Amino acid sequence: MGSNMAEAHPVGFQWVMEAKERGAKVLHVDPRFTRTSAHADAHVPLRAGTDIAFLGGVINHVLSNGLDFREYLVPYTNASFLVGEDFRDTEDLDGLFSGYDPETASYDPRSWQYETVDEEESSEQHAGADEKEQSASYQHGSGGPKVEGGSGRIAADPTLEHPRCVYQVLKRHYARYTPEMVSRVCGVSEELFRTVCDAWTANSGRERTGALVYSVGWTQHSTGAQCIRAGAIIQLLLGNIGRPGGGVFALRGHASIQGSTDIPTLFNLLPGYLPMPTPEHTDLAAYVESVRADHQKGFWRNADAYAVSLLKEYWGDKATADNDYCFDHLPRITGDHGTYRTVMDMVDGKVSGYFLLGQNPAVGSAHGKLQRLGMANLDWLVVRDLTMIESASFWKDSPEVETGEIVPAECRTEVFFFPAASHVEKEGTFTQTQRMLQWREKAVEPEGDQRSELWFFYHLGRLLKERLAGSTDERDRPLLDLWWDYAVVGGEPQADDVLRRINGLDLTTGRPVNGYTELKADGSTAAGCWIYSGVYADGVNQAARRKPGREQNLYATEWGWAWPMNRRVLYNRASADPAGRPWSERKALVWWDAGRGEWTGYDVPDFERTKPPDYRPPRGAVGPEALHGDDPFIMQADGKGWLFAPSGLADGPLPSHYEPHESPVPNPVYRQQANPTRKVYGRADNPSNPSPPELHGEVFPFVLTTARLTEHHTAGGMSRTVPHLAELQPELFVEVSPQLARERGLEHLGWAHVVTSRAAVEARVVVTDRMPPLRVHDRRVHQVWLPYHWGATGLVTGDSANDLFGVVVDPNVFIQETKVATCDVRPGRRPRGPALLEYLAAYRRRAGITAETGTHVLTGGPGHTEGRTEEEP
């Protein structure tokens, strides 16, 4: 669900096919019939953007029919924990949770907190407008928000009968998500929906498990984080987390996208999912205390060791206890510094220079016109890529050149293009979907000026340090103090040495640490990414291991290395019952060996090895010591899997169905139309199509969604230059149903153009039953689909589908909503040149679109008549 795995992740899909050959049932929930659907036992078409309504229906089916795995649910999740008396649900407030502030479009989550045994120990954090600007969920790192989860401090009812226990709160919240409601919202037949429910719930309990796979079809929504939360809730209810054959799999589209979030290219994270500091973090102690709670369970309580070790790796001997380990050298987040905000700042003249590596926003990002106009307003732009891409040549070949919005002779941006080495021309690690680091050898030498990223950044840092040598300006101190002594051979930094430093060193001996539990907060260890500690255990590059699978067990723990600590299944303590016995012999993974007094099994136990199942901590224990012997979720502040999130999410403690930012129908579930905390950038150059309760939605009556093709790779730079791939998929095309083709006069293989308030793109028409119209909310809704790989360069060229989307983002992680919008479809090719600008302006006039359209985020609940506009200059 949320993935066309066969098309977009074909290497991983081989395992689905092997499982099917062994009897596994494969279900595919997707708006479009795809290559994945063709291999599934059932394809379930649904309206794009209604995933949470569908998943909410599954949750309701589980709870109303008593199908949860109760033996797992009570000890391993927060189902029994009591929520405070002040909490009010969307059922009470017509689509809002308690704590909503219409002035800031944000929540104060204090009313969502657990009821604690000692009232004064309840959490006092408040996520409001400021944290929303900084992407509040990331401020907690991967350990989740602070919760006083120490032993005996949370009120609970193990019978699950108390009206305020999480189980009952969950049950009430999803009671309205009936099969009838799911059908009305999603356009799915009740019979097909029940087929999914029956198959999913049958794979639960001691003997059976089921896996859930998603990708950007879930994440690229204004409710993206909550889509994933809804899937995780189902898997926790069914006991499918931490067990063989279970889990929630996030598919990654590149070999090291996982690595680029672990050691992040994100503005609001430090390596290992430590949060970036804010101005409120006046010193290291204040920062550490913002990450962990006083009575917190689990290994995130040791955040001080992870943070200090990172600072030591950055600044080495310059980082001492006397100067707070150079904590003040770290920049502070002062607001939204995400990619889309940055592009708008380029347009507004607030950004002078930009580095582009591994991306092509002129084609691959939402609102391509805004991306190109932003880059056209820079002083300089550095592009590193394998081929000449649109983000390097936009100044001479973009659609805006044709319309006159960019004049090549007057474009101020100086573009520096650096040819990059490909993955076969450099050594190093990739981190893939399984969290596994695999070492890649260099196969051939790069040609000419092609260089690796490691070469580029190492020497850039070296030259900057040399240029600034002798500077007394305090702002240069963080750069001058960098510990920049990685091994270099023949001018090339050695990736093996960088990996060793990422792993971490004991600075008293110079030897690599063997895992994150060896990291210290006293400055005696250094580690570039604490979750990767162990990848160089015993001084050996563990990522380079390639022991054949036939020589080891099913989990192949000697092939590569998976973080953390080489565990192949996260939270695998949950694969055994509370007494430490496997739920079944068939599903045995790790278990307690009483004779040896330790956890053992086929995987590396994701639990303290010698802590017995019946362990109960002493009163006052914190951190790992506070984890009970049956607390499998060792990174969570309370040791439990969260059905209900008392903190940490900007848009509510439970997933709720909201319509996409652009929708042709009113929300059938609540009066609140769309996510009330979504981040809207209300600007004249970022218009939104009208959605209920706004008028004139009939101007853009259809639902638009996009995805990728196997034959082309993302923005196309690596595939449109390859002759046989270009021949296989030579032109942009739009898939429409036969009914829509008749309604709009579209001819198969003829030309059509798709229009939104931002752009019009032309494409060949493919008339197909893969995108059938759906009956939604007592009306017929048509959906259209486009791939997004084309641009102005390469052997085959064409319009970019991403030009059609505007910029509106999820409030938790700032990801754009590019899997659903509204549009119009017309026969024939689009207008060109200045005529295109007038064509789009006419559409906006008919739809009554202004800079404020779509920015009224409050449409239901208390104060809904007042509305609210979020405008950002």
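Contact here means heavy atoms within 4.5 Å. Keep that cut-off in mind as you move through this predicted model.

**First stop: Val665**

Select Val665, in the loop between strand E21 (598–601) and strand E22 (679–680). Is Val665 buried or exposed? With a relative accessible area of 0%, Val665 is buried. Now show what surrounds it. Leaving aside neighbours within four places in sequence, Val665 is in contact with Arg47, Glu659, Gln673, Pro692, Val776, Arg779 and Val781.

Glu662 forms a salt bridge with Arg758, and the closest N and O atoms are 2.6 Å apart.

How many salt bridges does a search of the whole structure find? The search finds 55. Side chains of opposite charge can pair when their charged atoms come close.

Arg110 is partly exposed, with a relative accessible area of 45%, whereas Asp108 counts as buried at 16%.

Next, select Asp304 and Arg292. Their side chains meet in a salt bridge at 3.6 Å, N to O. Asp304 belongs to helix H15 (residues 303–315), while Arg292 is in the loop between helix H14 (284–291) and H15, 12 residues apart from its partner. Asp304 counts as partly exposed at 24% relative accessibility, and Arg292 as buried at 12%.

Before moving on, show Glu71, Arg206, Asp577 and Arg581 together, as these residues are linked in a network of salt bridges.

Two packed helices are described by the angle between their axes and the distance between the axes. Highlight helix H4 (residues 51–64) and helix H9 (residues 179–186): they pack at an angle of about 170 degrees, with their axes 9 Å apart. That makes H4 roughly antiparallel to H9, because angles over 145 degrees count as roughly antiparallel.

Which residues in H4 and H9 meet? Ala53, Phe54 and Gly57 in H4 meet Val182, Val185 and Cys186 in H9. Sorted by class, this contact of H4 with H9 has 5 nonpolar residues, 1 polar residue and no charged ones.

Strands of a sheet pair through backbone hydrogen bonds, either parallel or antiparallel. Finish with the open sheet whose 3 strands run in the order E17-E16-E18, with antiparallel pairing. Which strands stand at the edges? Strand E17 (511–512) and strand E18 (525–526) do, each with a single partner strand, so one side of each is left without a neighbour in the sheet. Zoom in on strand E16 (residues 505–506), which pairs with E18 in the antiparallel sense over 2 bridges. There you can pick out Leu505, standing opposite Ala526 in E18.

Key:
Residues are numbered from 1 along each chain as its sequence is written. This is a predicted model: local features need pLDDT of at least 70, side-chain atom pairs count only at pLDDT 80 or more; totals for chains, interfaces and linings use all residues. Side-chain values use heavy atoms; hydrogens and water are left out. Axes are lines fitted to C-alpha atoms, for helices over the stretch in contact, and angles run from 0 to 180 degrees between N-to-C directions. Helices (H or I, at least four residues) and strands (E, at least two) are DSSP runs, numbered from the N terminus. Angles under 35 degrees count as roughly parallel, over 145 as roughly antiparallel, 65 to 115 as roughly perpendicular and the rest as oblique. Ala, Val, Leu, Ile, Met, Phe, Trp, Tyr, Cys and Pro count as nonpolar, Asp, Glu, Lys and Arg as charged, and the others, Gly among them, as polar. Two strands pair if DSSP finds at least two bridges between them. Buried means under 20% relative accessible area, exposed over 50%, partly exposed in between (1.4 Å probe, protein chains only). A salt bridge is a side-chain nitrogen of Lys or Arg within 4 Å of a carboxyl oxygen of Asp or Glu.
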